[in-house]
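Keep the structure open while you read, and look up each residue as it comes.

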Amino acid sequence: MPATLNPEDLDAEQRAALEELLFRLADDEYVHGERLIEWQIYAPTLESDLALANVAQDEFGHARLWYDLLEELGHTEAELIWERPADEFRHATLVELPFAEGDWADVILRCYLYDAAERLRLDALVDTSYAPLADRVGKVLSEERYHLENAQSWLDRLAEGDSRDRVQDALDRLFPHALSLFAEPDHEEAIIDNGFRTMSTADLRIEWLETVIPYLESLGLDVPEPDEVERPSARGRDGTHTDHWDELAAEFRRTYEELEAPEPARIGRERV
Amino acid sequence: MSDVSADDAPDATACGHTEYVDGAVPEGFPKTGVGATGVEADIWDALYEIEDPEMPVSIVDLGLIYDVRVVEREGEDGEAKTLGIVEMTLTYTGCPARDYLENDVQCAILAAGVDEASVRLRFTPEWTVDMVTEAGREALRKFGLGV
């Protein structure tokens with residue numbers, strides 16, 4: 001289906017479905033970036049410090065592109081990021097968790113699990129029916145490729161020798177939260193029927209499992225059985241989050257609140 | 001962003017370790033304002049004056065400008081207004097100078113004498129170094145960058 005739909009073409013149901021899809025995209029990228037920057041100055045080599053900084057910058061860039069599309073639908077940056085109640089964020093709990101104290105295996109494994117999912121999700125948006133989204137997906141996909149390569153090249157190294165136990169611990173801890181990436185949206189049917197996304201969330205989950213499980217097992221790791229792992233009570237996608245999220249949200253908003261809601265540095269940007 | 005056509009399908013060329021990928025330049029790019037007339041030509045001239053924040057090269061020669069057009073529409077007071085529209089891209093999505101660039105472009109449009117200005121970001125086709133013009137390459141070489 002060619003990308004022919006624009007904001008003015010949407011009825012209320014289509015708009016609600018599209019917004020749910022966009023909030024997930026934007027919030028995942030934004031919160032993942034927020035956590036990654038905590039590694040600044042702590043990464044184990046200068047190159048990996050720069051790499052992670054670069055990945056975080058990309059994720060913020062992508063979050064901005066997705067929040068832009070929500071702004072085109074009438075939202076404002078203040079409302080989307082700085083003043084939205086924390087329990088209205090729709091990111092998966094995977095990206096909000098603090099890192100296990102100084103654990104490089106945690107950040108690398110998290111990046112791998114997340115970036116593998118992100119790649120599949122974006123692939124399923126390349127042929128979206130929504131024109132403003134179609135315009136941006138290719139650019140974001142090409143920037144994401146390096147993220148996955150970076151994570152895998154580190155995982156290959158960490159899985160050799162003693163550090164494999166740390167990767168295994170991180171996997172046991174993070175895997176249940178990674179599954180929350182694939183909670184079915186409330187508007188799943190409308191998202192598919194309107195061609196906003198061309199693969200169902202259930203199929204994305206299957207494809208992700210078929211990607212990450214063989215790879216992680218090839219590194220000698222035991223992957224928890226997806227249907228048997230104990231799922232956290234916080235699901236992320238429905239607005240329920242771990243306590244860590246409230247702390248992180250308060251932290252990244254502190255300066256905004258101290259400066260009493262500064263206007264972003266732009267003049268009269270017009271959306272027509 | 002309301003007029004992206006289906007012809008603008010993303011170009012899937014990329015390499016692993018850099019955003020500045022080599023790729024075929026899509027038909028009609030880079031856009032340089034050749035053949036533009038009237039107010040549109042004036043907007044192109046003003047855009048040539050805007051330099052990239054990191055390198056002494058015009059954003060037009062960098063290949064960032066995707067379209068310039070002037071349309072007429074009815075203002076709130078019922079009078080006809082001219083609206084200058086610039087479609088542009090960014091070299092990468094995390095560009096920290098995006099707001100500054102958009103503001104500069106906004107000012108360039110208004111300086112050409114239209115009533116209203118609109119800057120729209122587009123990411124299809126994806127920007128590549130091959131979209132840098134010959135004049136842009138020359139400016140970058142002088143700056144010490146080979147492209």
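1. How are H4(A) and H8(A) set relative to each other: parallel, antiparallel, perpendicular or oblique? Bear in mind that this is a predicted model. Two packed helices are described by the angle between their axes and the distance between the axes. Here H4 covers residues 104–123 of chain A and H8 covers residues 201–218 of chain A; the angle is about 140 degrees and the axes are 10 Å apart. Angles over 145 degrees would count as roughly antiparallel and those from 65 to 115 as roughly perpendicular, so H4(A) and H8(A) are oblique to each other. Their crossing is right-handed.

2. Now look at the side chains in that contact. On the H4(A) side you'll find Leu109(A), Tyr112(A), Leu113(A), Ala116(A), Ala117(A), Leu120(A) and Arg121(A). Facing them from H8(A) are Leu204(A), Glu207(A), Trp208(A), Thr211(A), Val212(A), Tyr215(A) and Leu216(A). Sorted by type, the residues of this contact come to 11 nonpolar, 1 polar and 2 charged.

3. Next, go to Asp27(A), which sits in helix H1 (residues 12–36) of chain A. Is Asp27(A) buried or exposed? Its relative accessibility is 0%, and buried means under 20%, so Asp27(A) counts as buried. Setting aside neighbours within four places in sequence, Asp27(A) touches Tyr67(A), Arg84(A), Phe89(A), Arg90(A) and His91(A).

4. You'll find His62(A) in helix H2 (residues 46–72) of chain A, and it is buried, with a relative accessible area of 0%. What does His62(A) contact, beyond its neighbours within four places in sequence? The list is Glu29(A), Val140(A), Glu143(A), Glu144(A), His147(A) and Thr93(B).

5. Phe99(A) gives you a loop residue to look at. Its place is between helix H3 (77–82) and H4 of chain A, and at 13% relative accessibility Phe99(A) counts as buried. Leaving out neighbours within four places in sequence, Phe99(A) is in contact with Arg35(A), Leu36(A), Glu38(A), Trp39(A), Asp106(A), Val107(A) and Arg110(A). As for Asp172(A), 73 residues away from Phe99(A) along the chain, the C-alpha atoms of the two are separated by 14 Å.

6. On to chain B, which has 3 helices and 3 strands. Their order along the sequence is α-β-β-α-β-α. Of the 147 residues in chain B, 48% are buried. Take the contacts in chain B between residues at least 6 apart in sequence: 60% of them join residues at least 24 apart.

7. Last, the cysteines. A disulfide is a covalent bond between the sulfur atoms of two cysteines. How many disulfides are there over all chains? The count is 0. Take Cys95(B): the nearest cysteine sulfur is that of Cys107(B), 17 Å away, and Cys95(B) is in no disulfide. Cys95(B) is also buried, with a relative accessible area of 10%. Over in chain A, Cys111(A) counts as buried at 4% relative accessibility.

Methods
Residues numbered from 1 in each chain as written. Chains lettered and ligands numbered in written order. Predicted model: local features only at pLDDT ≥ 70, side-chain atom pairs only at ≥ 80, totals over all residues. Heavy atoms only, no water. Disulfide = S-S within 2.5 Å. Buried < 20%, exposed > 50% of the residue type's maximum accessible area, 1.4 Å probe, protein only. Axes fitted to C-alpha atoms, helices over the stretch in contact; angles between N-to-C directions. Helix = DSSP H or I, 4+ residues; strand = E, 2+ residues; numbered from the N terminus. Parallel < 35°, antiparallel > 145°, perpendicular 65-115°, else oblique. Left-handed = near helix turned anticlockwise from the far one by under 90°. Contact = heavy atoms within 4.5 Å. Nonpolar A, V, L, I, M, F, W, Y, C, P; charged D, E, K, R; others polar.
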